[in-house]
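Please examine the sequence and the model shown here, and keep both in view while reading. The paragraphs that follow lead from a single strand to the whole chain.

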Amino acid sequence: MTARVFLNGQWLAPKDANVSVMDRGFLFGDGVYEVIPVYSRRPFRLEQHLARLQQSLDGIQLVNPHGMAEWIAIISQLAQEAEWEDQSIYVQVTRGPMAVRNHAFPKEIRPTVVVLAEPMLTPPAGQREQGIAAVSAADIRWLRCDLKTTSLLANCLLRQMAVAAGCVETVLFRDGFLTEGSASSIFVVKDGVLLAPIKNHLMLPGITYDMALELAAQHGLPHEVRDITEAETRGADELWMCSSTKEVLPIVTLDGRKVGAGGTPGPVFAQMYAWYQEFKATVMRGG
């Protein structure tokens with residue numbers, strides 16, 4: 001049986017979960033969201049995801065409608081009752097409905113809270129073994145990419161560029177520097193050193209980004225967190241994308257040109273992927 005949807009304090013069948021057309025999330029994209037990976041019914045780093053949700057809520061001046069314990073209870077219940085062992089749990093909070101369409105915040109805020117589960121679909125083995133293709137584009141998004149807001153039209157347009165070109169992701173550059181992908185974090189490998197862009201307002205503070213750097217530190221892989229130029233990105237020995245649902249994937253062509261010498265997944269990626277899968281089996285799934 002398909003998992004129920006949590007909507008404003010009620011557990012409903014998906015067909016019965018309806019939101020007002022006057023909801024600010026629908027009209028303005030005035031809301032935030034989180035995506036929480038669940039392995040063997042265990043939400044991964046739930047408190048870190050909820051902390052990022054709080055950061056996003058603070059950034060748009062919206063009071064959190066639930067405390068940490070309440071969020072954990074809601075998400076844990078859904079993780080247990082959903083039909084899939086591995087899931088992707090989506091959480092969305094908007095500023096709620098208003099009587100008359102108006103850009104200014106309503107005097108009375110009634111947030112709309114939605115929590116739902118979908119099956120976790122990890123990338124096919126072929127993408128990992130052969131690598132994926134990506135295109136690049138100027139980063140046209142707004143200047144608060146560190147907030148995980150529902151206003152994702154720019155991301156959608158950028159991702160569609162990749163789809164239209166038969167690629168998996170769009171790598172973004174702003175003012176000559178790497179930011180991230182349209183729906184992922186991007187890593188560069190050069191001369192055996194893993195390079196990661198600095199967390200700032202121009203990129204989402206990714207949970208999988210943190211995990212990759214933690215694994216690099218744990219296993220002694222040289223790494224640097226710093227500004228990465230577009231030229232360095234295009235001249236990389238290896239290029240990766242990572243996210244909660246995509247895990248870690250090697251990018252082997254960028255704008256139709258091979259990444260590195262061979263245009264195939266590199267040895268540093270192979271190490272990271274092995275470490276990631278070991279961590280997934282022993283920690284994310286709880287051993």
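Strand β10, residues 185–190, is largely enclosed by the rest of the structure, because 5 of its 6 residues are buried. Here buried means under 20% relative accessible area, exposed means over 50%, and partly exposed covers the range in between, with a 1.4 Å probe and protein chains only. Helices and strands are DSSP runs numbered from the N terminus: a helix is a run of H or I of at least four residues, and a strand is a run of E of at least two. The model is a predicted one, in which local features need pLDDT of at least 70 and side-chain atom pairs count only at pLDDT 80 or more, whereas totals for chains, interfaces and linings use all residues. Residues are numbered from 1 along each chain as its sequence is written, and side-chain values use heavy atoms, with hydrogens and water left out.

Which strands pair with β10? Strand β13 pairs with β10 in the antiparallel sense over 5 bridges, and strand β11, residues 193–196, is joined to β10 by 3 bridges, also running antiparallel. Two strands are said to pair if DSSP finds at least two bridges between them. Individual partners can be located in the model: Ile 186 has Met 241 in β13 as its bridge partner, while Val 189 has Leu 194 in β11. In a regular strand the side chains alternate between the two faces of the sheet.

Between β10 and β11 the chain makes a hairpin with 2 residues between the strands. Asp 191 lies in this loop, and its phi is near 55 degrees, a positive value in a residue other than glycine. Most residues other than glycine have a negative phi, and most peptide bonds are trans. Asp 191 counts as exposed, at 64% relative accessibility. Another residue with a positive phi is Gln 61, at about 60 degrees, and it is not a glycine either. Gln 61 is found in the loop between α2 (46–59) and α3 (68–81); with a relative accessible area of 64%, Gln 61 is exposed.

An open sheet of 6 strands, with antiparallel pairing, has the order β2-β1-β6-β5-β3-β4. Its edge strands are β2 (10–12) and β4 (42–43), each of which pairs on one side only. Within this sheet, β5 (residues 87–94) and β6 (residues 112–119) run antiparallel and are joined by 8 bridges; Ser 88 stands opposite Glu 118 in β6. The loop between β5 and β6 contains Glu 108, which is exposed, with a relative accessible area of 57%. Glu 108 and Met 98 lie 10 residues apart in sequence, and their C-alpha atoms are 8.4 Å apart in space.

The next feature is a pocket. On a 1 Å grid over the protein atoms alone, a pocket is an open set of points with protein on both sides within 12 Å along at least five of seven lines, and lining residues have an atom within 4 Å of a point. The largest pocket has a volume of about 910 Å³. It is lined by 37 residues, of which Tyr 33, Lys 148, Ser 182, Ala 183 and Ser 184 are the closest to its centre. Elements that each supply at least two residues of this lining include β3 (31–39), β9 (177–181) and β13 (238–243), and α5 gives the most, with 5 residues. Ala 154 lies in helix α5. Apart from neighbours within four places in sequence, Ala 154 is in contact with Ile 140 and Arg 141, where contact means heavy atoms within 4.5 Å.

What does the chain as a whole look like in figures? It has 8 helices and 15 strands, and 49% of its 287 residues count as buried. Its C-alpha atoms fill a box of roughly 60 × 45 × 30 Å, taken along the principal axes. Among contacts in the chain with a separation of 6 or more, 71% are between residues 24 or more positions apart.

How values were computed. On a 1 Å grid over the protein atoms alone, a cavity is a set of points where a 1.4 Å probe fits but cannot get out, and a pocket is an open set with protein on both sides within 12 Å along at least five of seven lines; lining residues have an atom within 4 Å of a point. Grid points are joined across faces, edges and corners, and a volume is the space filled by probe spheres set on the points.
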